[in-house]
Each structure stands twice: as C-alpha cells, then as structure tokens.
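Good morning, colleagues. I would ask you to look at the model on the screen while I go through its surface, its helices and its charged pairs.

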Amino acid sequence: MSCPFFLIFEQPNAMQTITFIGSGNVATHLAKAFYNAGYQILQIWSREYDHAEALANQVFAEPINKLSLLYPTADVYIMAVTDEALFDLALDLRLRNALVLHTAGSVSLKVLQPISRKHGVLWSPQTFISGIEMNYNELPFCIEGSTPEVETQIRQLIEPVSQHIYAVDTQQRQWLHLAAVMVNNFGNAMNALAQDLLTEHNIPFEILHPLITMTADKIKQGIGLWQQQTGPARRQDQKTIDSQRRLVADNDKMLQLYDLMTELIQANTLKRC
C-alpha cells in the first residue's frame, strides 16, 4: 500500500510559478514532477530550513522557513503537508487571489476556504518514497475544485505532468483513500507478515517474489478479483485450512487474521459461484 495559473492559457504551463508548502516525500516528488514538466518552482517552505533547502536545490527554487517570506505572486500554492498541519496553516495563511491546493487523500477541500477563494485538491493515490525515482506521467491524479472553473484550472495544470486525471469529489476521495490503504498499506503488511514468518523459519522471502508479481499483474486484466481468487479457502479445502491453522495456533493475532481472511474469502467467492 500523497501546481500553477491564469484563468485562460494557450499553453497550460507557460510562465506559471508554483510555490510548495512542505518539503516531505509528497512535496519532493510533486515538485520534481512539475519542474520536469516545465513549470517554475518559485519557493519551497518548510519549518526546517535545511529540509526546504534540500528540495529547493533540486528544483532551483528559493528555500524559506517562515510564512512571512512567501512571495504573494506565485500562480499556485501546493500544500503538501500533514493533515494536522493543513488545519494549522489555514489559520495563518491568506492568499486570496492565488490557486491553493492540498494533496491530502482524506481531507475536504473546504479546509482551504479561509486561505483563498480559488482552492482545490490535487491528490495521487500513490506511495511516495524518498530516493525512489518514479515515472510521473504514469501517475493517476484525482482533482477537485471549489468551482467548475477552478477544477478546469487544476486539470490544465496537471496535464503537462500526467494525462491520468480523474474528477473525484471529497466523499469519493475518502472512499478511494480507504481503498488505497487496503491495497497498499494492508497489502504490504500482509507481505511483511509473510516475510517475518519465512525469516523465522530460515526460508528466503525472495522465493515468493514471482508470486507477488503475478498477483499484481493479474489485477490489471480487468477480471473481477474475487473470480481470480485461488487457495485453500476458495477451494473449501478444510484439511489444508486445519493444517495451516495448527501452524499458527501459538500466535493468537495470526490465527485470528488467518480465520478472518479465510471466512472473508469463502463468503465472497461462494456467493459468486
């Protein structure tokens, strides 16, 4: 299992400037994506100056650590900070005529109302990890604007970066964020548990790498995932299920998880038979 403007543009990214509020993983990847697409990154703000400077040096921007040093002339301000920081910054920041966006998956765009009348969301359901390069033009971006005109601006803003753009309102984004947690964070946790189990028994986890890859590849085939389900729970193979339950019987949490997943698979595959 984290952008710039005028109301009408002939060239969507021509002479637009973007300031990033935040310097973490999301800000880093988005700043690099917009910089590579031809946008000018004006400033990088972070409470920690050295963090702002580290990112600013990568995109030829000015690092700052005080909101009072923000230039009011940027076309777009992208707030790539924690959810809690979003609410705090909304109390202090006023950028009435600029486009202001946040990048949070589960926060309403309304948090930005005090900052600017032109506000919205630019969120990608992706894991952004420091030091890992990404193919930005393959990223999906979910957008929402305070008005249809603002939403059009956001779309025009992101088009030079990626063509995978989806209009998703706040409620839909919250459901999508939950689903992203399930496929990414929960999925990774399951793999981590499997890795721990094999390490405990001196078995190389790499043996399962092709299986993990195959599972991910099958998802893209457009077939219902419950119809693709395999394994002892899907086959109603009670003998194997009982044997595997005995293996984890001394670990209450693991046994509960095994039973829950088994019941879930059986319930959802049987009713689709």
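The second largest pocket is lined by L193, D196, L197, E200, H201, L247, V248, D250, N251 and M254. A pocket here is an open set of points, on a 1 Å grid over the protein atoms alone, where a 1.4 Å probe fits, with protein on both sides within 12 Å along at least five of seven lines; lining residues have an atom within 4 Å of a point. This is a predicted model, in which local features need pLDDT of at least 70 and side-chain atom pairs count only at pLDDT 80 or more, while totals for chains, interfaces and linings use all residues. Residues are numbered from 1 along each chain as its sequence is written, and side-chain values use heavy atoms, with hydrogens and water left out.

The space in this second largest pocket is about 230 Å³, a volume being the space filled by probe spheres set on grid points joined across faces, edges and corners. Which helix gives the largest share of the lining? Helix α5 does, with four residues. By residue class, the lining has five nonpolar, two polar and three charged members. In this count Ala, Val, Leu, Ile, Met, Phe, Trp, Tyr, Cys and Pro are nonpolar, Asp, Glu, Lys and Arg are charged, and the others, Gly among them, are polar.

Helix α5 covers residues 170-200 and includes L178. Helices (H or I, at least four residues) and strands (E, at least two) are DSSP runs, numbered from the N terminus. L178 is partly exposed, at a relative accessible area of 41%; buried means under 20%, exposed over 50%, and partly exposed in between, with a 1.4 Å probe and protein chains only. Together with W175, M182, V183 and F186, L178 forms a nonpolar surface patch of about 590 Å² accessible area. Patch residues have over 30% relative accessible area and no salt bridge; nonpolar side chains (Val, Leu, Ile, Met, Phe, Trp, Tyr) are joined within 5 Å, and like charges within 9 Å. The areas come from the Shrake-Rupley method with a 1.4 Å probe, and for residues only the protein chains shown count as cover.

In the loop between α5 and α6 (209-219) we find N202. Its phi is positive, about 55 degrees, although N202 is not a glycine. N202 counts as exposed, at 72% relative accessibility.

I turn now to the charged pairs. Side chains of opposite charge can pair when their charged atoms come close. How many salt bridges does a search of the whole structure find? The search finds four, where a salt bridge is a side-chain nitrogen of Lys or Arg within 4 Å of a carboxyl oxygen of Asp or Glu. In one of them, R173 pairs with E144, with the closest N and O atoms 2.9 Å apart. This pair links distant parts of the chain, 29 residues apart, with R173 in helix α5 and E144 in strand β7 (residues 141-145). Are these two residues buried or exposed? Both R173 and E144 are buried.

Another salt bridge joins D259 to R245, with the closest N and O atoms 2.6 Å apart. D259 lies in helix α10 and R245 in helix α9, so the pair ties together parts 14 residues apart in sequence. R245 counts as partly exposed, at 30% relative accessibility.
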